[in-house]
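Please look through the sequence and the model shown here before reading on. The paragraphs below then lead through it step by step.

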Amino acid sequence: MSGRLVYIVEDSPDLAANLEIACGAIPDVEVRVAGSAEQAWEMLQSSDSAEAIVVVTDVRLPETDGVELIRRIRADRRLAQVPVVVVSGEADPETAGRLRELAISARFHKPYSPVSLRKQVQALLDAQP
């Protein structure tokens, strides 16, 4: 275990694979993929608090959406400071406002540049102790 984890939360297998390839190119990083917010939440609950973590999530997910997942992360004392990167095609201004309130670290609109995403995620991981 490297101690540097990227959690990808994406219900589309093709988009999840693209994100996994982009983030998997970061040195010394383990990528874990969840197809739903519920699955991601369970995975995050079992993570070691000493690990450097970045969550990359879509907004539109089945059942629980990405905004609610981020809300849970921010409300959890152990996870509240975890950087969250949103990758979404969602253009609703209300959603954008809710994401700003939840202090996301970055937002990429689909289609996005995998290189720009990888650089952002790597910078967020490198900034953690």
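Predicted model: local features only at pLDDT ≥ 70, side-chain atom pairs only at ≥ 80, totals over all residues.

Helix α2, which covers residues 37–45, packs with α3 at an angle of about 20°, and the two axes are 10 Å apart. Because angles under 35 degrees count as roughly parallel, α2 is roughly parallel to α3. The crossing of these two helices, α2 and α3, is right-handed. On the side of α2 the contact is made by A37, A40, W41 and L44, while α3 contributes L69, R72 and I73. Sorted by class, the residues in this contact of α2 with α3 comprise six nonpolar and one charged, with no polar residue among them.

Is T64 buried or exposed? Its relative accessible area is 13%, and since buried means under 20%, T64 counts as buried. The side chain of T64 makes a polar contact with the side chain of E38, at 2.4 Å. When neighbours within four places in sequence are set aside, T64 is in contact with A37, E38, L69 and R72. Of these, A37, L69 and R72 also take part in the contact between α2 and α3.

E63 is placed in the loop between β3 and α3 as well. With a relative accessibility of 77%, E63 counts as exposed, whereas T64 is buried. The backbone of E63 has a phi near 60°, which is a positive value in a residue other than glycine.

S47 is buried, with a relative accessible area of 6%. A polar atom of the S47 side chain lies 2.8 Å from the backbone oxygen of L44, and L44 is one of the α2 residues that make the contact with α3. Apart from its neighbours within four places in sequence, S47 is in contact with Y7, I53, R78 and L79.

The next helix to consider is α4, made up of residues 93–101, and its buried residues are T95, A96, G97 and L99.

D28 lies in the loop between α1 (13–24) and β2 (30–34), and its phi is near 60°, a positive value in a residue other than glycine. D28 is exposed, with a relative accessible area of 60%. Where in the chain is P111 found? P111 belongs to the loop between β5 and α5 (114–126), and the peptide bond that joins K110 and P111 is cis, with an omega of about -5°.

How values were computed. Residues numbered from 1 in each chain as written. Heavy atoms only, no water. Buried < 20%, exposed > 50% of the residue type's maximum accessible area, 1.4 Å probe, protein only. Polar contact = N/O pair within 3.5 Å; in protein donor to acceptor, adjacent residues only side chain to side chain. Contact = heavy atoms within 4.5 Å. Axes fitted to C-alpha atoms, helices over the stretch in contact; angles between N-to-C directions. Helix = DSSP H or I, 4+ residues; strand = E, 2+ residues; numbered from the N terminus. Parallel < 35°, antiparallel > 145°, perpendicular 65-115°, else oblique. Left-handed = near helix turned anticlockwise from the far one by under 90°. Nonpolar A, V, L, I, M, F, W, Y, C, P; charged D, E, K, R; others polar.
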